[in-house]
Amino acid sequence: MRNLNRLIFAVVFGSVVSTAFAAENMVNFISPKDGATLDAMAENKVTYEYTVVPPGDHTHLYVDGEQVAVLREARGSHALEAMSPGKHELCIKIVNHAHAPIGFDKCINVTVK
Amino acid sequence: MIDLQNLAYAIDQIVHNFGAVAVTGGALAGTLLDQAEVRRRLAWVVLAGWGSQIASGVLFGLISYSFYHHFPDISGIAQGALMVKVSCAAAGFLLAAAYLRRLIAWSEQWTWRLLLLLAITALSGAAFLRWFS
């Protein structure tokens with residue numbers, strides 16, 4: 001009986017702990033930051049980090065709504081193609097195995113001069 | 001607990017995979033065998049194979065749409081590979097149907113070779129679609 005109680009305690013405690021530390025979807029632009037100004041003549045890079053939980057699988061990077069890269073590493077960087085002067089939107093969207101956006105994304109605006 | 005979305009993709013993938021086996025194996029056998037009746041049966045297998053490829057391919061998109069209101073988002077080489085696959089599937093289906101309706105004017109052997117070429121091209125496209133998206 002005592003062993004049974006310990007087992008129940010372990011299962012309940014384990015569930016509580018695993019729920020408390022359950023990962024959530026997260027996307028973060030390390031650089032550039034929202035509102036940053038980029039040099040049109042420089043090679044600009046996006047540095048990012050993300051955490052995905054199922055059904056999320058990996059992320060896609062978009063510039064002005066056009067997909068420019070598949071980001072499979074949870075943390076890394078991607079060199080951007082030259083962008084025309086003006087305002088641009090950079091987005092990272094979490095997608096599932098089939099590359100369908102699951103509705104979680106992070107977007108920032110940058111100005112290229 | 002089984003995730004419904006993954007189950008739907010998996011079942012669709014089974015149909016898609018068997019379709020690929022049917023179009024490739026059927027066309028290869030049709031190229032090697034020369035009995036008319038066997039070839040006609042193989043043509044039905046190939047037709048069904050291309051039909052299931054088209055249907056399961058469309059279903060992949062619809063499953064994504066039904067869960068997220070978004071179709072899969074691919075670009076560049078992957079998009080090109082998908083176009084190649086779609087073109088091969090359409091051409092293979094029409095060619096197999098034309099063969100069965102005896103609408104083909106050129107040699108039977110060339111029809112089977114063309115069906116095999118379409119199958120190999122589509123399979124190759126699938127590899128690029130998988131690894132460039």
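## Helices α1 and α4 of chain B

α1(B) passes α4(B) in a left-handed crossing. In this predicted model, α1(B) covers residues 4-32 and α4(B) covers residues 108-131. Their axes come within 8 Å and cross at roughly 150 degrees. Angles over 145 degrees count as roughly antiparallel, and α1(B) and α4(B) are therefore roughly antiparallel to each other.

On the α1(B) side, the contact is made by B:Ala20, B:Val23, B:Thr24, B:Ala27, B:Leu28, B:Gly30 and B:Thr31. α4(B) contributes B:Trp112, B:Arg113, B:Leu115, B:Leu116, B:Ala119 and B:Leu123. Sorted by class, the residues of this contact are 9 nonpolar, 3 polar and 1 charged.

## Helices α3 and α4 of chain B

α4(B) also packs against α3(B), which spans residues 77-100. The axes of these two helices come within 8 Å, with a crossing angle of roughly 155 degrees. That angle makes α3(B) roughly antiparallel to α4(B).

The crossing of α3(B) and α4(B) is left-handed. The contact between them comprises 19 nonpolar, 4 polar and 1 charged residues.

## Contact between chains A and B

Chain B places 13 residues in contact with 13 residues of chain A. Within chain B, the elements that give two or more residues to this side are α1 and α2, the latter covering residues 36-68. The most comes from α2(B), with 3 residues.

By class, the side of chain B that touches chain A consists of 6 nonpolar, 5 polar and 2 charged residues.

Note on methods
Residues are numbered from 1 along each chain as its sequence is written. Chains are lettered from A and ligands numbered from 1 in the order in which they are written. This is a predicted model: local features need pLDDT of at least 70, side-chain atom pairs count only at pLDDT 80 or more; totals for chains, interfaces and linings use all residues. Axes are lines fitted to C-alpha atoms, for helices over the stretch in contact, and angles run from 0 to 180 degrees between N-to-C directions. Helices (H or I, at least four residues) and strands (E, at least two) are DSSP runs, numbered from the N terminus. Angles under 35 degrees count as roughly parallel, over 145 as roughly antiparallel, 65 to 115 as roughly perpendicular and the rest as oblique. A crossing is left-handed if the near helix is turned anticlockwise from the far one by less than a right angle, and right-handed if clockwise. Two residues are in contact if their C-beta atoms, placed from the backbone, lie within 7 Å. Ala, Val, Leu, Ile, Met, Phe, Trp, Tyr, Cys and Pro count as nonpolar, Asp, Glu, Lys and Arg as charged, and the others, Gly among them, as polar.
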